Each structure stands twice: as structure tokens, then as C-alpha cells.
Amino acid sequence: MNKQIVDVNCTEWIASPAQDKWVTDLEAGKVLHFTSLEFPVSAFESSFFTPDIRNPKSRNISLDDAGNLKGATANQQVQTGLRAMMTRFRAQSQMLVDSHFPCYKDHLRLGPTSFRPNRIETRNQSWRADDRRLHVDAFPTRPTYGERILRVFINVNPNNVPRVWRIGEPFEAVVDRFLDNTAPYSAWRAKTLNLFGITKSLRSEYDHLMLQLHDAMKQDLNYQRNCPQLTMPFPPGSVWVCFSDQASHAAMSGQYMMEQTFHLPVSNQYDTNSSPLAILKRHIGRELI
Ligand SMILES: [Fe+2]
């Protein structure tokens with residue numbers, strides 16, 4: 001297996017100059033690991049590193065694109081501080097993406113920022129929602145029509161606990177393995193799901209196939225155990241970036257992580273032929289959106 005994780009030894013969030021290799025690796029579905037970036041937190045911010053900061057009714061604490069904080073406890077001072085910390089990470093992530101992948105600049109759509117204060121390994125979930133199983137990101141309610149999901153992660157654990165991921169085989173190999181067993185797309189079913197508000201827009205054949213791959217990977221325990229993969233313990237301070245709709249990944253353990261999502265139109269990729277949409281289209285032999 002090609003090495004699916006690549007170290008980037010920049011010491012600044014702003015790259016100067018950008019290297020073509022970073023885009024090539026990212027668009028090949030690899031995980032870029034920034035080993036030497038810093039994200040200092042203040043003494044007050046250190047007090048946020050407790051699971052009690054999350055509203056128990058929410059899975060994560062999130063900051064939406066309009067700057068609204070959701071999922072945190074009610075204390076106003078803490079909410080203000082959390083918003084400031086997450087806004088700072090959002091700005092750093094934006095600088096990192098804009099300067100390392102300048103061809104995406106001006107085309108990215110900002111998604112949510114999240115802070116995840118809970119231990120992954122204590123989460124009890126259905127197989128479909130269990131992100132400890134290798135998968136590519138695909139969401140049942142939110143069709144993307146091929147728009148890319150670019151994510152920046154940082155392990156902010158103050159107790160030296162790594163965030164452990166497994167990283168699986170390249171997307172093409174996932175498609176080769178599972179595509180023949182996917183259920184056929186039903187336009188009628190997609191219309192019904194949309195009519196009843198289960199999906200936010202009409203699910204395209206592309207979105208159907210991505211969900212099928214997501215589920216097929218997670219459901220196959222033999223695949224989970226035996227497919228080509230590597231285990232990567234991201235130490236505290238690590239930042240890593242990938243297209244999570246392409247890089248096969250599983251979050252196994254760890255606590256206290258922040259993540260920033262960006263969306264990128266396929267047409268603004270450096271190499272549009274490397275996208276999951278293009279790969280699936282080549283396999284199926286017709287338009288999927
Ligand atoms: Fe994921």
C-alpha cells in the first residue's frame with residue numbers, strides 16, 4: 001500500500017512557499033500530518049478541558065459558520081472563552097489551508113468548527129455511527145453532489161494522550177472491493193426521502209454510492225480487521241488534514257480534539273480526475289449527479 005500518511009514539517013501555519021506535492025498528496029486521498037505547529041492555550045482556556053463543558057444532550061461542541069456556539073454548558077464566561085478559542089483555531093486552519101493549497105483559496109465554503117471533549121473509546125454507538133470503524137465520510141441527510149469535505153484536525157489533549165487513528169487503503173481500492181455489491185440507486189426512493197424532509201436535498205446517485213461504500217466498509221468486520229491499514233497515534237500538538245470523503249479513516253481513541261470543516265467544489269480541485277466523483281464515474285460509466 002502506498003503510504004497513506006505524509007509528514008509535513010512546517011513550523012508555521014502559513015506556508016511560504018507552497019509545494020505542489022502537498023496538493024498532489026492531499027488530492028490522492030492521503031493524510032497530511034503537520035508535526036510541528038503550535039496552538040498555545042491560555043490558563044483560562046485550560047479549564048475547558050473537561051467533559052463537563054459539553055451539554056450532555058449534544059455529541060460535540062460546535063461553532064457554526066455564522067459564529068453561533070452550540071452544545072456547550074450554559075456558563076456565559078465559559079461560552080465566550082470557548083468561542084474565542086474555537087474562532088482562533090478556525091482562523092489558523094483557514095491560514096493553513098489557504099497558504100498550503102492556494103489553488104483552493106476563494107473557492108472554499110466554511111463549515112463548522114468542533115471541539116470534542118469526550119473520550120472516543122467510551123462512546124457506545126450503532127455500527128453505522130461508529131467512527132472507530134474504517135470509513136469514508138458520507139452523510140445520510142446531507143447530499144453533497146460531489147462537493148469535497150476537507151478537514152483540519154488538531155489534538156489539543158493537555159495530558160499527553162495521543163489521538164489514535166487507523167488509516168485504510170486508497171479510495172480506488174475501496175471502490176474496487178465494494179462497488180459491485182452496492183444496492184442500485186432508486187430515484188423514486190430519493191424523491192420520497194426528500195419529500196419527507198429526511199434528506200436536505202434530493203440524494204444523487206453519487207451520494208447514494210458514497211453512503212453505500214460507507215456502510216459496506218463499516219459493516220464488514222473481516223475488512224475492518226484485515227484490510228491494508230496503519231495505526232497512527234497523533235501526539236498532542238499534531239495537526240492533520242485530509243479529504244475525509246476520500247481518505248479511509250477510523251478514530252480509535254483519544255480525548256480533546258478540534259476540527260474544522262471546509263467544503264470545496266470538485267471543479268476547483270487541482271486535479272478533478274482524482275475526486276471520488278470522478279473515480280466512481282469512471283467505474284460506473286455514466287454521470288452520477
Ligand atoms: Fe469520519
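Modeller: Please do, and bear in mind that this is a predicted model.

Biologist: Over the ring of which residue does the charged end of arginine 142 sit?

Modeller: A charge counts as sitting over a ring if CZ of Arg is within 6 Å of the ring centre and within 35 degrees of the ring normal. The charged end of arginine 142 lies 4.4 Å from the centre of the ring in question, which belongs to phenylalanine 139.

Biologist: How many aromatic pairs are there in the model?

Modeller: Rings of Phe, Tyr and Trp pair if their centres lie within 6.5 Å. By this rule the number of aromatic pairs is 14.

Biologist: Is the pair of phenylalanine 49 and tyrosine 256 stacked or edge-to-face?

Modeller: The ring centres of phenylalanine 49 and tyrosine 256 are 5.4 Å apart. Planes over 60 degrees apart count as edge-to-face. The planes of these two rings stand at 75 degrees, so the pair is edge-to-face.

Biologist: How many residues apart are phenylalanine 49 and tyrosine 256?

Modeller: Phenylalanine 49 lies in the loop between helix 2 (43-46) and strand 3 (61-63), and tyrosine 256 in the loop between strand 10 (249-253) and strand 11 (257-264). Both residues are buried. The pair links distant parts of the chain, the separation being 207 residues.

Biologist: With which phenylalanine does tyrosine 256 form a stacked pair?

Modeller: The centres of the two stacked rings are 6.5 Å apart, with 20 degrees between the planes. The partner of tyrosine 256 is in strand 5 (residues 109-116), 141 residues away. Both members of the pair are buried. The residue that stacks with tyrosine 256 is phenylalanine 115.

Biologist: Why is tyrosine 256 classed as buried, and what is its relative accessible area?

Modeller: The backbone of tyrosine 256 has a phi near 75 degrees, a positive value in a residue other than glycine. Buried means under 20% relative accessible area. Tyrosine 256 is therefore classed as buried, because its relative accessible area is 4%.

Biologist: Is asparagine 160 buried or exposed?

Modeller: Asparagine 160 also has a positive phi, near 65 degrees, and lies in the loop between strand 6 and strand 7 (163-167). A residue counts as exposed over 50% relative accessible area. At 63%, asparagine 160 is therefore exposed.

Biologist: Which residues of helix 1 does the model show as buried?

Modeller: The buried residues of helix 1 have cover that includes strand 1 (5-8), strand 2 (31-34), helix 3 (76-100), strand 6 and strand 9 (239-243). The buried residues themselves are Trp22, Val23, Asp25, Leu26 and Glu27.

Biologist: Which residues does aspartate 25 touch, not counting residues up to four places away in sequence?

Modeller: Aspartate 25 belongs to helix 1 (residues 20-27). Its relative accessible area is 9%, so aspartate 25 counts as buried. Leaving out residues up to four places away in sequence, aspartate 25 touches Val6, Lys30 and Leu32.

Biologist: Which residue does a cis peptide bond join to serine 16?

Modeller: The omega of this bond is about -5 degrees.

Biologist: With which arginine does aspartate 131 meet in a salt bridge?

Modeller: The N to O distance in this salt bridge is 3.4 Å. Aspartate 131 lies in the loop between strand 5 and strand 6, and its partner, 72 residues apart from it, in the loop between helix 2 and strand 3. The partner is arginine 59.

Biologist: What is the relative accessible area of aspartate 130?

Modeller: Aspartate 130 forms a salt bridge with arginine 132, with the closest N and O atoms 3.1 Å apart. The side chain of aspartate 130 also meets that of arginine 133 in a salt bridge, at 3.8 Å from N to O. Aspartate 130 is buried, and its relative accessible area is 9%.

Technical notes
Residues are numbered from 1 along each chain as its sequence is written. This is a predicted model: local features need pLDDT of at least 70, side-chain atom pairs count only at pLDDT 80 or more; totals for chains, interfaces and linings use all residues. Side-chain values use heavy atoms; hydrogens and water are left out. Helices (H or I, at least four residues) and strands (E, at least two) are DSSP runs, numbered from the N terminus. Buried means under 20% relative accessible area, exposed over 50%, partly exposed in between (1.4 Å probe, protein chains only). Contact means heavy atoms within 4.5 Å. Rings of Phe, Tyr and Trp (its six-membered ring) pair if their centres lie within 6.5 Å; planes under 30 degrees apart count as stacked, over 60 as edge-to-face and the rest as tilted. A salt bridge is a side-chain nitrogen of Lys or Arg within 4 Å of a carboxyl oxygen of Asp or Glu.
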